[in-house]
Structures are given as structure tokens and as C-alpha cells.
Amino acid sequence: MRLPVTGSWTEVLIHGGPRKPRTDPAMSLKGWVSTVEQHAATMGDARRLHDCK
């Protein structure tokens, strides 16, 4: 881990709105272990099963 240069700064933007999904809805969940009874084949299916937007 490198420390920042003396006298430098970091800016952070905090947003209070909902996060947009970053994972492709067509991504396969083959091989994933579900923690609930309902098993989804793709990320999009999982979002629909759990009412995610």
C-alpha cells in the first residue's frame, strides 16, 4: 500500500440516491449457491425474484 504524497488530497462524492445495477442481467448464476429457496438462472432472474430495480 502506498501513502499519498504529502500535501495531496482526495475528494469523495456521496450520493444519496439508489445505486444502479452494475452487473449484466444476462450473467449466469450457474454454480452459485442460493441462500433462499428460489433459484435464479441469471442475475436478471434474481433481481426479479427479490423485487430489485
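The structure holds 1 salt bridge, a term that here means a side-chain nitrogen of Lys or Arg within 4 Å of a carboxyl oxygen of Asp or Glu. The partners are Asp45 and Arg48, whose closest N and O atoms are 2.5 Å apart. As a general point, side chains of opposite charge can pair when their charged atoms come close.

Before I go on, please keep in mind that this is a predicted model, in which local features need pLDDT of at least 70 and side-chain atom pairs count only at pLDDT 80 or more, while totals for chains, interfaces and linings use all residues. Residues are numbered from 1 along each chain as its sequence is written, and side-chain values use heavy atoms, with hydrogens and water left out.

Where do Asp45 and Arg48 lie? Both are in helix H1, residues 43-49, and they sit 3 residues apart, about one turn of the helix. Helices here are DSSP runs of H or I with at least four residues, strands are runs of E with at least two, and both are numbered from the N terminus. Asp45 counts as partly exposed because its relative accessibility is 25%, whereas Arg48, at 58%, counts as exposed; the cut-offs are under 20% relative accessible area for buried and over 50% for exposed, with partly exposed in between, using a 1.4 Å probe and protein chains only.

Let me turn to the segments on either side of the helix. Pro25, in the segment before H1, is partly exposed at 44% relative accessibility. Leaving aside neighbours within four places in sequence, Pro25 is in contact with Thr42, Met43, Gly44 and Arg47, contact meaning heavy atoms within 4.5 Å. Pro25 and Ala46 are 21 residues apart in sequence, and their C-alpha atoms are 8.8 Å apart in space.

In the segment after H1 we find Asp51, which is exposed, with a relative accessible area of 68%. Its C-alpha atom is separated by 46 Å from that of Gly7, 44 residues away along the chain.

Finally, the chain as a whole. There are 1 helix and 0 strands. The radius of gyration, taken over C-alpha atoms, is compared with a globule rule of 2.2 Å times the number of residues to the power 0.38; the chain's value is 18 Å, well over the 10 Å that the rule gives for 53 residues, so the chain is more spread out than a compact globule. Along the principal axes, the C-alpha atoms fill a box of roughly 50 × 30 × 20 Å, and of the 53 residues 9% count as buried.
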